[in-house]
Amino acid sequence: MAVLFFLLWIIFNGRVTLEIVLFGIAISALLTLFICKVFGYSRQKDKWILTNLPIILLYCLNLIVEIVKASFSVMKVALDPHARPEPVVVEFRSGLEEDFMNVILANSITLTPGTITIFQEKDHFVVHALKEEYAEGIESSSFVSLLRRFK
């Protein structure tokens, strides 16, 4: 984390001098200590992130693709005067054990146009979808399968 802060410091300054490097080291160290104390940061979290980095990047790419696809679907419903939304509320269990993964899934569902997570407790979800087809297979979606791959 300290190295990341230091690199950001150098990038934001745009030049490298002895003064900038020394201040960068001091500020990066203080910021890292602050993050450890206040937010409970630890090296185990860094290790977890580095171990799962390929899956994290794949998940982010998948989320962007799903948002774009869903945006076009919702746009068709919104712009077609003959299309009628048929809202539906769906309940399902994700099967994910960790609360963190379930929260990521809930937020991903809400970020995807046409669906909103109404309620989430542990692995129990209640989702509102603009059309029934948007909710089909949501319990076995690409989001869930990617979240199951985290170690």
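1. Helices here are DSSP runs of H or I with at least four residues, numbered from the N terminus. The model discussed in this note is predicted. In this model, helix α3 covers residues 43–51 and helix α4 covers residues 53–79. Two packed helices are described by the angle between their axes and the distance between the axes. For α3 and α4 the angle is about 65°, and the axes lie 4 Å apart.

2. Which residues bring α3 and α4 together? From α3 come W48, I49, L50 and T51, and they meet L53, P54 and I56 of α4. Sorted by type, the residues of this contact are six nonpolar and one polar, with no charged residue.

3. The chain as a whole holds seven helices and three strands. Read from the N terminus, the order of elements is α-α-α-α-β-α-β-β-α-α. The radius of gyration is 21 Å, whereas the globule rule gives 15 Å for 151 residues, so the chain is more spread out than a compact globule. The C-alpha trace spans about 65 × 35 × 25 Å along its principal axes.

4. Of the 151 residues in the chain, 30% are buried. The accessible surface is about 10,300 Å², and carbon and sulfur atoms account for 67% of that surface. Among contacts between residues at least 6 apart in sequence, 62% join residues that are at least 24 apart.

5. Strands of a sheet pair through backbone hydrogen bonds, either parallel or antiparallel. The three strands here form an open sheet in the order β1-β3-β2, with antiparallel pairing.

6. β1 and β3 are joined by six bridges and run antiparallel. In one of these pairings, E91 has V126 in β3 as its bridge partner. Helix α5 (residues 99–111) packs on the sheet and touches β1, β2 and β3. The direction of α5 makes about 160° with that of β2.

7. β2 (residues 115–121) and β3 (residues 124–129) are also joined by six bridges and run antiparallel. Q120 has F125 in β3 as its bridge partner. β2 and β3 form a hairpin, with two residues between the strands. In the turn, K122 has a positive phi of about 50°.

Methods: Residues numbered from 1 in each chain as written. Predicted model: local features only at pLDDT ≥ 70, side-chain atom pairs only at ≥ 80, totals over all residues. Heavy atoms only, no water. Axes fitted to C-alpha atoms, helices over the stretch in contact; angles between N-to-C directions. Contact = heavy atoms within 4.5 Å. Nonpolar A, V, L, I, M, F, W, Y, C, P; charged D, E, K, R; others polar. Pairing = 2+ DSSP bridges. Rg over C-alpha atoms; globule rule 2.2 N^0.38 Å. Buried < 20%, exposed > 50% of the residue type's maximum accessible area, 1.4 Å probe, protein only. Areas by Shrake-Rupley, 256 points an atom, 1.4 Å probe, with all protein chains shown as cover.
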